[in-house]
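Could you walk me through this model in my viewer, one selection at a time? I would like to know what to pick next and what I will find there.

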Amino acid sequence: MVEDRRLGDAIAYVILTIGVLIVAFPVWLTFVASTWDAATIINGQLPLYPGPKFFENYYRILFIGTSGTTREPVLNMMLNSFVMAMAIALGKIFISVLSAYAIVYYRFPFRMAAFWIIFVTLMLPVEVRIFPTFKVVSDLGMLDTYQGLAVPLIASATGTLLFRQFFMTIPDELLEASRIDGAGPFRFFKDTVIPLSITTIAALFVIQFIYGWNQYLWPLLVTTKDSMQTIVIAIKKMIVTSDALTEWQLAMATAMLAMLPPVLVVVLMQRLFVKGLVETEK
Amino acid sequence: MMKNAYFSGLTVPLLLLLPQLAITVVFFYWPASQAVWQSFLLQDAFGTSTEFVWFENYAELFKDPGYFKALINTAIFSTFVCILSLSIALLFAVMADRQIRGAEIYKTLLIWPYAVAPAVAGVLWIFMFDPSLGMLARGLASLGVNWNPRLNGNDAMLLVILAATWKQISYNFLFFLAGLQSIPKSVIEAAVIDGARPWRRFWTIVFPLLSPTTFFLLVVNIVYVFFDTFGIIDTVTGGGPSGATETLVYKVYSDGKGGSNLGGSAAQSVVLLVMVIAMTAFQFRFIERRVSY
Amino acid sequence: MFMKSAILGSIAAIALSAASPALAQTEIQWWHALTGANNDVVVKLAEEFNASQKDYKVVPAYKGSYPDTLNAGIAAFRAGTAPHILQVFEVGTGTMMSAKGAVKPVHELMKEAGEPFDPKAYLPAITGYYSTSKGDMLSMPFNSSSMVMWYNKDAFKKAGLNADAPPKTWPEVFEAAKKLKAAGFDKCGFTNAWATWANIEQFGAWHNIPIATKANGLEGFDAVLNFNSPLFVKHLTNLVELQKDKTYDYSGRTNNGEGRFTSGECPIMLTSSGFFGNVRANAKFDWGNAPMPYYPEAAGAPQNSIIGGASLWVMGGKKAEEYKGVAKFFTFISHIDRQVKLHTESGYLPITKAAYEKVKASGFYKDKPYLETPILELTNKEPTENSRGLRFGSLVQIRDIWSEEIEAALNGQKTPKAALDAAVERGNQMLRQFERTASR
């Protein structure tokens, strides 16, 4: 029995280690590529260990930009990505906590209608209605703005559903107790519901921040100015070239920088992340 | 569905709902209705001339062999990504569920690819497998494998499947692990006392108990492959070669871009819309069932 | 507490985005697709122009690949936010021309702005592509190129080939590629970038055979594709055969595979003459270029090549003041010294006769014959119906269809004949749809 257990553990270690290696290998290679020069990569001579150009490449990409494609410093793009991700996360929390409160704690005509109007949007991502949505955003003069980047992506039901489910678990006795204290709907919301929802809010924030940071097709369409582009779309622009070589080392350094913030969020806020993931999808 | 204790009134709840309803109407219903309208039109690229053509765009769509090819591609793509990412994730989850030292660290090291943008994941994989500069592609070539995703549709499909699977394992792993950890230890212990071997124990007891998780993940993975893999396909293959990796969602985009066939693209959006509403209804029933127990 | 900061945060985000800098000068947006050394050229041109006067400021923005840039321009026009100047590659010409009201023809622009403008000063082989049948110039040629055959002289020596006498005909290229393959270039004997430009568009012009009726579409949008003719089939059949053992190896639809030449992997590559800057910077071997190969049995081959590259289109619906700035900028870039510099540094063709004559007179081509190759190709013979150029609507999308079919032949899914038949048939469907929307 003991022998069995040891063997089992050994197998588990081996499999998990292989898993970690498979998961990490592409990123390691990307990191390695970001520390060499273009010729080494283009000529297919990239080794498996980092090269001498780490500081040079990262300094260049962060503060200067590529020489041959998108010339904006990546730091600006990271700022754009950050503002967009924050606006999406906070905006979504804001609208969905309010609407979920209305749906759960009020009884009024059209309640179910309102719920369904929101609910239908659950699974239809922006990719499917991309061209008409682009038209609407441009008609509203929101191209090249942070609102244009963020607001259309807030239009979805996941947050509302999450809060609705959470509010359903709040015992009715709390509302009755609050009423006895003479509290109205606003005070009950502020003093009872929100404090209870803090971890749920934080969990949703983590998920939505990652979602916002990783957007690709939408920013590609709605940003026409270089100064508004996000880091994820910049990578694509860096690897297509006409009559010139791709500066792979810079594209790969940008890819590393694009992965860093959301990965950090996952690793550092792992508990909230897991909670957010498991609960938004339930 | 409904609280026993609640407030009444109409103005306050409508005000609370207003932000979300306004955004939903402006950025969801309005564009969706525009898509429906556009699907009946034939327009030039710059939108300077328009003709109302009734259902011609739909008729063209269902005559287009490329559309059915995209349908089949989507089916193949989702099947492989689901099977691969679910089974690999299950294997890792079962291993990580053992009481071994460092299990938490392994968990952290396995979940972070969730945070990598699909477009970035695509770039990582094309960088490894590009026939002329990719390190692994060169390795394959030196082994005598004729690897050429630029020309061979199967190679290209394999590459997008791998990239999409790589990104999805972490998600499935988390849910399987949560599912495993919620199985009461007493159930397993009872089986041990009965003398069931680990392998048998897993398939007869653990796996059936995981089936709600598996089923849920299946739905989520299909949705993932349908919609969230756009960035991967766009950076790895751009739908090529010869349309071999063009999925339904990618085709909506590639037919509509440059304004060349906006009507056809809109018709595809509408068809997808119907498919998604059907899927949503399906998932909704599923959610309600889960909530009820 | 959290809620409050959430609200504040989103308000801050919105407020932040509303602030935009005030403009003192008239800004002229210029969207382009040039990368690498050519991107520098664009930025430098804009800087020099901005420094040369105070009223206008040209702001270049890189929008991705040529098709991406065109798509972005079209989407922006539909949304009412088009740039003033849009760089469009030659295959987008048909799409742009048909868009009356969406573009401002260059000859009109120059006249209205009162800028000196003589269409005859430009090389006809280039401007012909961008003019109406009456000779009115619609867009300003910017970076023009043609297709040439780049080859690796060191590799030729290694394979025992004469590095100073590159193969002239296709059969000679095939023989050379086989020898190169035997000499160690076993992954790729020869290749080409721009699959359809090389094997359909340039191939037709160079052999004086049509790819469509109506002078390849120049004489009307009712042109019908017909390049499923014997010589095209023969050429594709050869490529398919040679692909099997990698004597030929496909390098993709665009120029993403060009690194295969500079890295030394593929010793022969047909691609744009605009590849020059990249070759000069990155090839660590002795190289040269030569005119495209031809099939000797084709009567009259080689005929003349057609241009590639891109031109600058002026978008419609802008203010007169802005158009004036655009016109001044066009005069600025057409200046002889600037053209000489652009040509000798970037490898793109000079667009004015005067600039070409000046470079020629300076003896520049004696040292650098590779920069004259594309000009000699373009002016090889008086152009015929089949070699003046081509003009199809939706050609960007049609090229994708053609590439798909070429790929299907190369990977053995279809016979070369069946693939070209399908390419013609599907292309014609696109043309008919375009004709319907363009003719009203």
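**First stop: a helix and its partners in chain A**

Select A:Ser81, A:Met84, A:Ala85, A:Ile88, A:Ala89, A:Lys92, A:Ile93, A:Tyr101 and A:Tyr105 in H4(A), and you will see them meet A:Pro185, A:Phe189, A:Val193, A:Ile201, A:Leu204, A:Phe205, A:Gln208, A:Phe209, A:Tyr211, A:Gly212 and A:Trp213 in H10(A). Residues count as in contact if their C-beta atoms, placed from the backbone, lie within 7 Å. These contact residues divide into 16 nonpolar, 3 polar and 1 charged. (Ala, Val, Leu, Ile, Met, Phe, Trp, Tyr, Cys and Pro count as nonpolar, Asp, Glu, Lys and Arg as charged, and the others, Gly among them, as polar.)

A word on what you have open: this is a predicted model, where local features need pLDDT of at least 70 and side-chain atom pairs count only at pLDDT 80 or more, while totals for chains, interfaces and linings use all residues. Residues are numbered from 1 along each chain as its sequence is written, and chains are lettered from A and ligands numbered from 1 in the order in which they are written.

Now show the helix axes. Those of H4(A) and H10 (residues 185-213) of chain A come within 8 Å and cross at roughly 140 degrees. Axes are lines fitted to C-alpha atoms, for helices over the stretch in contact, with angles from 0 to 180 degrees between N-to-C directions. Helices (H or I, at least four residues) and strands (E, at least two) are DSSP runs, numbered from the N terminus.

On the H8(A) side, pick residues including A:Phe163, A:Arg164 and A:Phe167. The contact of H4(A) with H8(A) has 9 nonpolar, 4 polar and 2 charged residues.

**Second stop: between the chains**

Colour by chain. Here 80 residues of chain A are in contact with 80 residues of chain B. On the chain A side, helix H1 (residues 2-33) gives the largest share, 14 residues. By class, that side has 59 nonpolar, 11 polar and 10 charged residues.

Then turn to chains B and C, where 21 residues of chain B touch 29 residues of chain C. The chain B side divides into 7 nonpolar, 11 polar and 3 charged residues.

The contact takes 23 residues from domain 1 and 24 residues from domain 2. H4(C) gives the most to the domain 1 side, with 5 residues. That side has 7 nonpolar, 16 polar and no charged residues.

**Last stop: a sheet in chain C**

Which order do the strands of the open sheet have? Across its 4 strands it is S7-S8-S6-S9 (chain C), with mixed pairing. Strands pair if DSSP finds at least two bridges between them. Strands S7 (190-192) and S9 (287-290) of chain C stand at the edges with a single partner strand each, so one side of each lacks a neighbour in the sheet.

Zoom in on S6 (residues 147-152) of chain C, which runs antiparallel to S9(C) and is joined to S9(C) by 4 bridges. To see one of the partners, select C:Met149 with C:Ala290 in S9(C). Finally, show helix H9 (residues 195-206) of chain C, which lies across S6, S7 and S8 (268-272) of chain C and runs at about 125 degrees to S6(C).

Note on methods
Contact = placed C-beta atoms within 7 Å.
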